[in-house]
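Hello,

Here is the structure I promised to pass on. Please open it alongside this note; my findings follow.

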Amino acid sequence: MSSLPESAETMTITLTGPNDFMRQQKLQSLIADFVSQYSDMAIERLDGEESDGARIKESIESLPFLTTKKMVVLRQPSKNKEFQDNIDQCLDELPTTTDLIIVEPKLDKRLSYYKVLKKKTNLLEYDEPNLNDAAKWLISQADKLGGKLSPTNAQLLINRVGLSQAVLANELAKLIIHNPDVTLNDIELLTEPTPQSTIFELIDSAFSGDRQKMLALYQEQRLLKVEPQQIIALLTWQFHVMALIKESAGKSSQTIADQTKLNPYVVSKNIRIVKELSSGSLKRMIHELLVLDMDLKSKSIDPDEALQQYLISLSK
């Protein structure tokens, strides 16, 4: 009769950060390695929102069944206040027979909960890639999937759907199923641009004087049921980004991103058009957008007509 594998050193890991794709890949890898030694019967999964403190505590402290070791995967246990308040004691009392994986996509680094996890677990943080790394990864991933993606088309795909690696992975897989040699037409046909990406393109078109493209992009958003107030909110965010970059004139994109906590990709996209704007012009645009927002909320005016007129004024 085959014997059970001997218990190895206890593993306690925290997986965090906004990059869902890399977090999930690491989690799957850890589980697969564990299952290869102890079987999937030794895995317990709990959700912090659905499990009470007693249930989580019992799962962590109980002995494994028919194996020398078990793995407990806790998804967002911080949602359970009792667990969060007792995390220090919980980790100190973790049995040597239990491997613990804590999955926390968002952690407030000011809280003691984060500090305990950083001190007492192997905390692995996964950020979204920067523009260059994302493009290189897309090209490499396309090759692994049996497809081909040029650097130019990798950039285009990022511009349309953003830097979320999970979204990029899904869109790339869809494109390669359609056509292994991904083309510009494939990307434009099969992917939907994110609203924020479209708003940047809309403003860029306005500043370039291409009113026809700008108004076409506006109509496209309206056909997608994006309401005028939502467009104003997106424009507000866009101008906020531009103002932060303007205040950081002369600094590198990475330095601006580090100091403002903006995504480096967002900074690199906006820095070009900000260079061509005076501080006075940017302040005027923000003020006029504020006036428009107030008018739409207090007066009986056509929101589409008023917003399109505002956009046309940007191209003057």
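Start with the strand pairing. Strand 1 runs parallel to strand 4 (residues 98–104), and five bridges join the two. Keep in mind throughout that this is a predicted model. Across that pairing, Ile13 sits opposite Ile101 of strand 4.

Look at the two faces next. Thr12, Thr14 and Thr16 point one way from strand 1, while Ile13 and Leu15 point the other way. Both sets are buried.

Now the helix pair. Helix 6 (residues 131–144) and helix 8 (residues 165–178) have axes that come within 11 Å. The axes cross at roughly 35°. The crossing is right-handed. From helix 6, the residues that meet helix 8 are Ala134, Trp137, Leu138, Gln141 and Ala142. Their counterparts in helix 8 are Gln165, Leu168, Ala169, Leu172 and Ile176.

Then helix 16. At the start of helix 16, a side-chain oxygen of Asp302 comes to within 2.9 Å of the backbone nitrogen of Asp304.

The buried residues of helix 16 are Ala306, Leu307, Gln308, Tyr310, Leu311, Ile312, Ser313 and Leu314. Their cover includes helix 10 (195–207), helix 11 (211–223), helix 12 (228–247) and helix 15 (279–298).

Is Gln308 buried or exposed? Its relative accessible area is 18%, and the cut-off for buried is under 20%, so Gln308 counts as buried. Leaving aside residues up to four places away in sequence, Gln308 touches Leu215, Tyr218 and Gln219. With Gln219 there is also a polar contact: the two side chains are joined at 3.2 Å.

Over to you.

Best wishes

Note on methods: Residues numbered from 1 in each chain as written. Predicted model: local features only at pLDDT ≥ 70, side-chain atom pairs only at ≥ 80, totals over all residues. Heavy atoms only, no water. Buried < 20%, exposed > 50% of the residue type's maximum accessible area, 1.4 Å probe, protein only. Polar contact = N/O pair within 3.5 Å; in protein donor to acceptor, adjacent residues only side chain to side chain. Contact = heavy atoms within 4.5 Å. Helix = DSSP H or I, 4+ residues; strand = E, 2+ residues; numbered from the N terminus. Pairing = 2+ DSSP bridges. Axes fitted to C-alpha atoms, helices over the stretch in contact; angles between N-to-C directions. Left-handed = near helix turned anticlockwise from the far one by under 90°.
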